[in-house]
Amino acid sequence: MGKHHALKLYDYHVWANKKFFERLKELPKDIYDREIQSVFSSIASALVHIYTADTIWLGVMRENSMEEIQASIAIAQEKTKDKSLEEMEKLFQSLSEEYQKLLNNVGDLNKEISPVHPKFGRLDTHFSELIQHVVNHGTYHRGNLTAMIRQQGYSSVSNDYVFYLYDISTSN
């Protein structure tokens with residue numbers, strides 16, 4: 001039996017993030033933290049947002065308490081404060097390794113999970129749907145990053161899911 005679709009989606013998320021880091025390292029260094037009028041004030045702040053959200057959802061999938069998740073937000077904000085592109089790339093890599101450890105140890109990716117949000121209440125969902133949410137959130141903001149790169153006069157990088165599928169089919 002093949003790999004669970006949610007795991008494939010998470011692999012895509014990691015692949016697409018790597019593609020962005022590779023592209024950003026090819027561009028002039030000053031575009032990373034240059035203030036612009038966009039969805040985020042800079043590419044750096046967009047990456048911090050994606051990293052922080054991924055940290056939050058990792059805590060949710062670990063079924064951590066809301067207090068632990070809140071603490072993880074503060075830690076993520078401190079970890080990412082004034083970090084260079086290369087330092088952010090390392091943080092993303094480390095976080096993806098934490099996700100991989102969790103995903104490799106979840107027996108049933110379709111298991112029910114019921115996180116409780118202080119504002120929105122209880123959500124009865126499945127573990128795999130939370131993975132899909134992480135991926136969708138990252139995809140959405142990589143779209144913002146694409147626009148922000150183009151706004152500064154440079155081309156971005158193709159990172160649609162289908163390009164990931166082509167990439168993995170040619171590398172196997």
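Is Ala16 buried or exposed? Keep that in mind while you look at the structure. One caution before we start: this is a predicted model.

Here is the answer. Ala16 has a relative accessible area of 0%. Buried means under 20%, so Ala16 is buried. Where does Ala16 sit? Find helix 1, because Ala16 is part of helix 1. Now look at what Ala16 touches. Leaving out residues up to four places away in sequence, Ala16 touches Arg142 and Asn159. Then look across to Ser65. Ala16 and Ser65 are 49 residues apart in sequence. In space, their C-alpha atoms are 30 Å apart.

Stay with helix 1. This helix covers residues 5–26, and helix 6 covers residues 161–171. Their axes come within 10 Å of each other. The crossing angle is roughly 95°. Angles of 65 to 115 degrees count as roughly perpendicular, so helix 1 is roughly perpendicular to helix 6.

Which residues make that contact? On the helix 1 side, pick out His5, Lys8, Leu9, Asp11, Tyr12 and Trp15. On the helix 6 side, pick out Tyr161, Phe163, Tyr164 and Asp167. Sort the residues of this contact by class, and you get six nonpolar, one polar and three charged.

Next, the pockets. How much space lies in the largest pocket? About 420 Å³. Its lining has 20 residues. Nearest the centre of the largest pocket are Trp57, Val60, Met66, Pro115 and His117. Three elements each give at least two residues to this lining: helix 2 (43–61), helix 3 (66–80) and strand 2 (116–117). By class, the lining of the largest pocket has 12 nonpolar, seven polar and one charged.

Now the second largest pocket. Its volume is about 170 Å³. There are 13 residues lining the second largest pocket. Closest to its centre are Thr55, Arg62, Ser72, Lys79 and Glu98. Helix 2, helix 3 and helix 4 (85–105) each supply at least two residues of this lining. Which helix gives the largest share? Helix 3 does, with five residues. The classes in this lining are five nonpolar, four polar and four charged.

To wrap up, go back to the opening question. Ala16 is buried, and its helix 1 crosses helix 6 at roughly 95°.

Notes
Residues numbered from 1 in each chain as written. Predicted model: local features only at pLDDT ≥ 70, side-chain atom pairs only at ≥ 80, totals over all residues. Heavy atoms only, no water. Axes fitted to C-alpha atoms, helices over the stretch in contact; angles between N-to-C directions. Helix = DSSP H or I, 4+ residues; strand = E, 2+ residues; numbered from the N terminus. Parallel < 35°, antiparallel > 145°, perpendicular 65-115°, else oblique. Contact = heavy atoms within 4.5 Å. Nonpolar A, V, L, I, M, F, W, Y, C, P; charged D, E, K, R; others polar. 1 Å grid on protein atoms, 1.4 Å probe; cavity = no way out; pocket = protein on both sides within 12 Å on 5 of 7 lines; lining within 4 Å. Points joined across faces, edges and corners; volume = space filled by probe spheres on them. Buried < 20%, exposed > 50% of the residue type's maximum accessible area, 1.4 Å probe, protein only.
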